[in-house]
Structures are given as structure tokens and as C-alpha cells.
Amino acid sequence: MPEGHSLHRLARQFDDVFGGQVVAVTSPQGRFASDAERIDGHHLEHAFAKGKQLFCRFSNDLYLRVHLGLYGAFSFGGDHYFTGASSIGAPRKIGERESGPSPESEQYTGPPEPVGAVRARIVSEHGWADLRGPTACEVLDHDQVQIQLGKLGPDPLIGSALRIRAAKGQVDPSLAATELEAGFNEFRANLLKTKTAIGIVLMNQALISGVGNIYRAEALFRNRISPQLPANELSTQKAKKLWWDIVSVMEDGVRDGKIITTLPEDRDPLGVVWPDNAYYVYQRQGMGCRKCSAQISLAEVAARKLYWCPRCQKLPRKKSAV
């Protein structure tokens, strides 16, 4: 499943390709046909992401909501005005092909014939996007969108998104810092409400949105936090450090189009950075820790694979009662 950085990249691309333009929306597959009619022929005013969901606001006060899930992906193309990713979506389906212009940009004659089960097709004067295999693809009104947003915890990428909008003159530049600080306060309050292990909490989109299996494992390692630690036992200082570290590595993911969490000094100098040297613990079970000599552990927790270093991420000792 794509993590939050991919959805924020997707929102940026939608704004660049379709923002402010009248678009034709269809459903070649047919499953989205009735909802497509509700937004077809309207201006796509603004696209934004929260966590792992994409929202596109249209001029008739309706919104397209997309949750890619495990297999959903968008493919893009267009004329010489179009530059951007050729595809963005679930790693299991398309990998991380999130850079480079459309291969059709020099001889554009309109969108190609649909290939496969295209749930939704969006076409403007200069570009197109095809959506395949999403978990959710629906049209909602404003109140329904607010319900969906209310189910999600604070998004570590809110600052990155607001800085982009500030650069376009759409919001006050100071809003990014304000919202990130509010995000930490909400995250901290959410941690204090539960004794659930922090390794499970970070995957709960109602408590913090956008963090997936890779960012979960890597952020906990980078901050020397045991995934078994009850969330409400994490100190305010460590919670703040964890929040801002997640913000940092996820913003790097938006910039780079891939997840790289290692520092240069911890990589094999003879190997390529991605994917061989990209992670500290994710999918490195049985291999040596980049910081110590212990072997990276793997366990199945809440139906997901959890990776950690048993030496670098020890549970703190309980204080004995006096």
C-alpha cells in the first residue's frame, strides 16, 4: 500500500495537471459511471491529500475521494505542457515509478484507448489520468468529506502541503508551522489515550495518518524506540522527537519519490542507495544491524510484518517500587 508521501505527490500532480481546468470524467470500466457523471464537465479546483487518501474538489461543491489500497494506481500522460510522474500508486502493482515526463509528450493526440479495468478516467485539454484497482473511488459532498477527514489522525505532511500552497499565494506561509505544531499536540494526546504498543499505534490511521509499514519500522529504529512499548509510556520528549522525525523523513519521501531513511554514514559505500541502502530494518530480517552487531528481527503483529533491532530498540527497564 502506498504510504502518505505518494498520496501527497499525487495531489501535487493533480493540481499541476488539472487544477483550475474543466475536466471530462468517465468510467471505462463502468463501476464508477454514475458518480463520474456528477463531476464530469466541471472545473477541478484543488486536490489535496490527508494520510493515504486523495481528495479533489470540483466547482459544483462535490469531491472525488480515492483510497488506492494495496493495488490502486494512477497512470498519467499528456502533451508538451504536461510534465510529471508517469504513474503513482501501490508499490505491489507499479513500484515507485514517480518521476519523468510522459513518454507521449512529443506526439500527443489525446488519451490512449483504455487498457485493463480503468475505474476512472480524467481528461483535460493537455493531459489525462487513469485510475485502476483502488479500494475506494467515490464522489462526496462537503459534509461527507468532513466525516472522512475526521476519521483520520494528524498528517505529518500537512506542513509540506501548506508550504506548496503558500508558494502559490494561496495561504499564509506561517500556517505550516502552526499546523505541524497542532499535529504534534494531537498526536501526543492520542498516544496518552492508549496502552497499545507504539508499533501498532503508528499504523492506526485514526491516531496518525499516512504512516505505513516502512515509515513505522524505520522511524521507531531511528528513535531507538521498542515497538512493544505501550504508547502512553512514551515520554513527551521522545514523542516530540518521534513526530518531528516522521515529518522529516516523510517530507524527504515527497521530494525524492521514494523512501530513504538511512544516513550516508550508515550505508554500504559500495552499494547503491536505493533500494539496497535505503532502510535500517525494513525487510532486513536476519541481516546485521547497521548500528550494532545484532540481527534484525521480524514478527507478525496485527496481521502486518514488523521489523526491529532487538539491541538498539530494547524496552526500557521498569522502575522498581520503593
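**Helices, cysteines and buried residues**

Student: Which helices and which strand are included in what covers the buried residues of H8?
Tutor: Helices (H or I, at least four residues) and strands (E, at least two) are DSSP runs, numbered from the N terminus. A residue is buried under 20% relative accessible area, exposed over 50%, and partly exposed in between (1.4 Å probe, protein chains only). The cover of the buried residues of H8 includes helix H1 (4-18), helix H7 (198-201), H9 and strand S12 (304-308).

Student: From which number are residues counted along each chain?
Tutor: This is a predicted model, in which local features need pLDDT of at least 70 and side-chain atom pairs count only at pLDDT 80 or more, while totals for chains, interfaces and linings use all residues. Side-chain values use heavy atoms, with hydrogens and water left out, and along each chain, as its sequence is written, residues are numbered from 1.

Student: How many of the ten residues of H8 are buried?
Tutor: The buried residues are Asn213, Ile214, Tyr215, Arg216, Ala217, Glu218, Ala219, Leu220 and Phe221. H8 is therefore largely enclosed by the rest of the structure, its buried residues numbering nine of the ten.

Student: How is H8 oriented relative to H9?
Tutor: The axes of H8 (residues 213-222) and H9 (residues 236-256) come within 10 Å and cross at roughly 130°. Axes are lines fitted to C-alpha atoms, for helices over the stretch in contact, and angles run from 0 to 180 degrees between N-to-C directions. Angles under 35 degrees count as roughly parallel, over 145 as roughly antiparallel, 65 to 115 as roughly perpendicular and the rest as oblique. The orientation of H8 to H9 is therefore oblique.

Student: Where does Asn190 lie, and is it buried or exposed?
Tutor: Asn190 belongs to helix H6 (residues 175-192). Leaving aside neighbours within four places in sequence, it is in contact with Pro154, Ala206 and Leu207. Because its relative accessibility is 9%, Asn190 counts as buried.

Student: How is H6 oriented relative to H9?
Tutor: The axes of H6 and H9 come within 10 Å and cross at roughly 130°. The orientation of H6 to H9 is therefore oblique.

Student: How many disulfides are there?
Tutor: A disulfide is a covalent bond between the sulfur atoms of two cysteines; the rule here is a pair of cysteine sulfur atoms within 2.5 Å. Cys292 has its closest cysteine sulfur, in Cys309, at 3.6 Å, too far for a bond. By this rule the number of disulfides is zero.

Student: How far away is the nearest cysteine sulfur to that of Cys289?
Tutor: Cys289 is buried, with a relative accessible area of 8%. Cys289 is in no disulfide, and the nearest cysteine sulfur, that of Cys312, lies at 3.7 Å.

Student: What is the relative accessibility of Phe14?
Tutor: Phe14 lies in helix H1. Not counting residues up to four places away in sequence, Phe14 touches Gly19, Leu44, Ala47, Leu54, Cys56, Phe74, Phe76, Ile122 and Ala129. Phe14 counts as buried because its relative accessibility is 0%.

Definitions and conventions. Contact = heavy atoms within 4.5 Å.
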